[in-house]
Amino acid sequence: MSFRYNLKIDSGADIKIKGQAALECTEMPPSETYTIKPGNFFYLNSKLLLKEGDQVKKGTPLFFDKGNPEVRFVSPISGTIKSIIRGERRRVLDVIVQRDEKQNALSFNVPNINKGSRQEIVDYLLKSGLWPYITQRPYGIIANPNQTPKAIYVSFVDTRPLGVNHQFIIQDKFKEFQLGIQALSKLADKVYIGLSSDYQGKLKSIEGPIFYSVSGPHPSGNLSVHINRIDPLNAGELIWTINPEDVANVGKSFLTGEFSAERTIAVAGNVVHSPKYFKVTIGHELLPLLKEANVKMDQINRYINGDVLSGEFVDYEDHIGYLNNLISVIPEGDQYRMFGWLPFHDNAVLSISRTSFNWLQRGSKPIEVNTNLNGEERALVVTGEMEKVFPMDIYPLQLIKACMVEDIEKMEALGIFEVVPEDFGLIDFSNTSKLEAQEIIKSGLELMIKEVG
Amino acid sequence: MKKLLRHRIDGIKRDLRSSDKLRKFVPAINAFDTFLFVPNVTTKSGAHIRDAVDTKRTMITVVIALVPALLFGMWNTGYQHFSQLGEQVSVLETFWFGFGRIFPMIAVSYAVGLTIEFGFAVYRGHEVNEGYLVSGLLIPMTMPVDIPLWMVGVSVAFAVIIAKEAFGGTGMNILNPALTARAFAFFAYPTYMSGDKVWVADASTIDAISGETILGSLAANNANIDYTWWDMFVGTIPGSIAETSTLMALIGAFILIFTGVGSWRIMLGCLIGGAFTGLVFNLLGVNALMTFPFYLHLIVGGFAFGVVFMATDPVSAAQTTKGKWIYGILVGVFCILIRVFNPAYPEGVMLAILLMNVFAPTIDHYVVHANIKKRKKRWQLAKANG
């Protein structure tokens, strides 16, 4: 069977960083505590259901989304709520659950995946705590269960720096994945599955979804790019997206009747001696993984939940994020470089600009990176560089400027519905003025949600 | 050595910061500091890793691209002077003569321009932007060699204050500051900027020396040009300091295009627009400027220099990809149009670029608007279908 769509992306840049995760997976013993962070979800306004000291089972709701009270976030394990950490204006940051040995789990009545109605499937996903796996476009927020999207997208293509191999992650969860797709097919008319153009495997034997292939440099793996090329999002329309492993989590839950929070996570980066995958449960402690991956801990590193372009800072004593399959670890910068601004000087520093000979090395072997800003923020001067790493029919600079001046009408007209902050990751990385594009788009999206909804 | 220097600078900055009176001068010290060292600042939000490229590196790349034209201009200044006097002097001496004339102009340009830039940075409390490194070199390079230094200074001040800072500083200006300086001098001091007594060093004081630019002769409807196309291409002709050599401009263009700092679309667009318009006029052929072969139009006067270094200024040019094509082609068209139809201003490229600077935002507006229209049409279609 061939692909329905073949997406060939030509603008962008692959950033190959040392320490790509090897295709081996270690099953980790459970950690002492597990943490669920409302902050892992964009624009989530959470309301707690329990207090410190309460007993929870796997599947017990911990908090819910104030905007959509049916959307509940459940405990991934059984235990006791050890502490609740709040930030500014009493916003909940962490719900920390101390694991116990009982392994009690709530069980739910599983609807028939073939005969069940759409509403029955939706109700099950909400009740069992699986719903937060589904993200909605526009805005990149948790899907609204009362709406129907025009399509659901699942992509196996990950072109991010140190990106993960989704085929490897679900290789022994094929049955669960298939079941998950079956369930999702009930929620939308179309389910799209994106694979790399050289994909050889049994996924394509699944009946129902529409398969498309993707080739080209990063950000060709970003779902926004796929949606923009296949069937762009129009005003008033919705698209849902879900990670491959979470499709398998949904499928598994239909088999067991319990919440499934399996997470295969890669620890990678140029200070990781044995970068590889770990099989854990969502909310797992980070430190045991770092030790197991032999991260060089005697220096100051940056630990990132996600990739180096758009991931979030995390402390090494903290926990893994909810949806991400990748922990990136790179050294902090903090070096001065004498006359480092000279063109073709310091060519070892990562650069996709032709003012450095870094491209000579970059093509052949993975490179070491750090967190130096490599300059200072300046007025916007250079033009045309953003378009080189933004393969969508959208004018990125103009959209960024519209967000800066908070001109909602212009933001809509220029395509704010079709983007999420991660699409601007490479622009953050490569723009000469060191403009914080992702932050600007993020506040633009927040403004949109507030004003337009 | 490196460490000692670092230590000293950190000490000075600490002292400045701790003093209420002097704190506002931190941007000025930072400008020097970041010139020596790329700072150790790390990413606080957004992407965790960043490209090695920054504004300083970009601007210095342009300066490097300008160097061949500058060095040739210095030599040519001497060459024009001595060849008219009939003196035989060595290459080094020829160059040295030009250097002696041009270096003070550059020094004045940087001194005046950077003083104003630092002043605005301290006053507004922002870092010193690097843009003036390029403008400051471009301004003297586009002037006739005999222009008094004070005029260079006044032109620079006008350009930086009126064309740049009045609009909000680097990145906000509508007009290219370097061309604004030249245009200011051109209209404020016309006797120093045109005619046959300004293009060769000492032409106004020594009777044996005179020299009209090729475009000046043509504008006077004098079609007897003594120079070969090779002279025009290499640049051994009278003219503004660095504009004469198409060859050196091409070397600069190569550097700008290879590094991606200058837009090849704008340069090629100018070439297409200029060649096409020149060709049309060749076919009409009424006066000397019209019959002047179109390919020679592209290698005389400031065309090559202006196209490579001025039209490509990203701030004042069109910003969208399609817009850059349109902008470039129109610069080429207007350059030849102005040359042919307005003999009072034989140098059309300066005015053509300034004119298109004004229209660049309008071009971008329509390009972006086409994208918006396309999107809204798609929305309507989707709504109609269900």
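**First stop: sheets of chain A**

Select β3(A) and β9(A): the two strands run antiparallel and are joined by 4 bridges. Helices (H or I, at least four residues) and strands (E, at least two) are DSSP runs, numbered from the N terminus, and two strands pair if DSSP finds at least two bridges between them. This is a predicted model, in which local features need pLDDT of at least 70 and side-chain atom pairs count only at pLDDT 80 or more, while totals for chains, interfaces and linings use all residues. Residues are numbered from 1 along each chain as its sequence is written, chains are lettered from A and ligands numbered from 1 in the order in which they are written, and side-chain values use heavy atoms, with hydrogens and water left out.

Within this pair of strands, display T33(A), whose bridge partner in β9(A) is Q98(A).

Next, show the side chains of D94(A) and K37(A). They form a salt bridge (a side-chain nitrogen of Lys or Arg within 4 Å of a carboxyl oxygen of Asp or Glu), with the closest N and O atoms 2.8 Å apart. The pair links distant parts of the chain, 57 residues apart: D94(A) lies in strand β9 (residues 92–99), and K37(A) in the loop between β3 (33–36) and β4 (46–48).

Move to the open sheet of 7 strands in chain A, ordered β1-β14-β13-β12-β15-β10-β11, where the pairing is mixed. At its edges are β1 (5–8) and β11 (141–142) of chain A, each pairing on one side only. Inside this sheet, select β12 (residues 151–155) and β13 (residues 190–196) of chain A, which pair in the parallel sense over 5 bridges. A151(A) has K190(A) as its bridge partner in β13(A).

**Second stop: the interface of chains A and B**

Colour the two chains separately. Here 79 residues of chain A are in contact (heavy atoms within 4.5 Å) with 59 residues of chain B. Together the chains bury about 6,100 Å², 56% of it on carbon and sulfur atoms; buried area is the accessible area (1.4 Å probe) that two parts lose on being put together, summed over both. In chain A, Y336(A), W341(A) and R378(A) lose the most area to chain B, together 15% of what that side buries.

Which strand of chain B is joined to β21(A)? Strand β1 (residues 37–38) of chain B runs antiparallel to β21(A), with 2 bridges between them. Centre the view on M338(A), which stands opposite F37(B) in β1(B).

Several elements give two or more residues to the side of chain A that touches chain B, among them β18 (301–305), α8 (396–404) and α11 (437–451) of chain A. The most comes from α10(A), with 4 residues.
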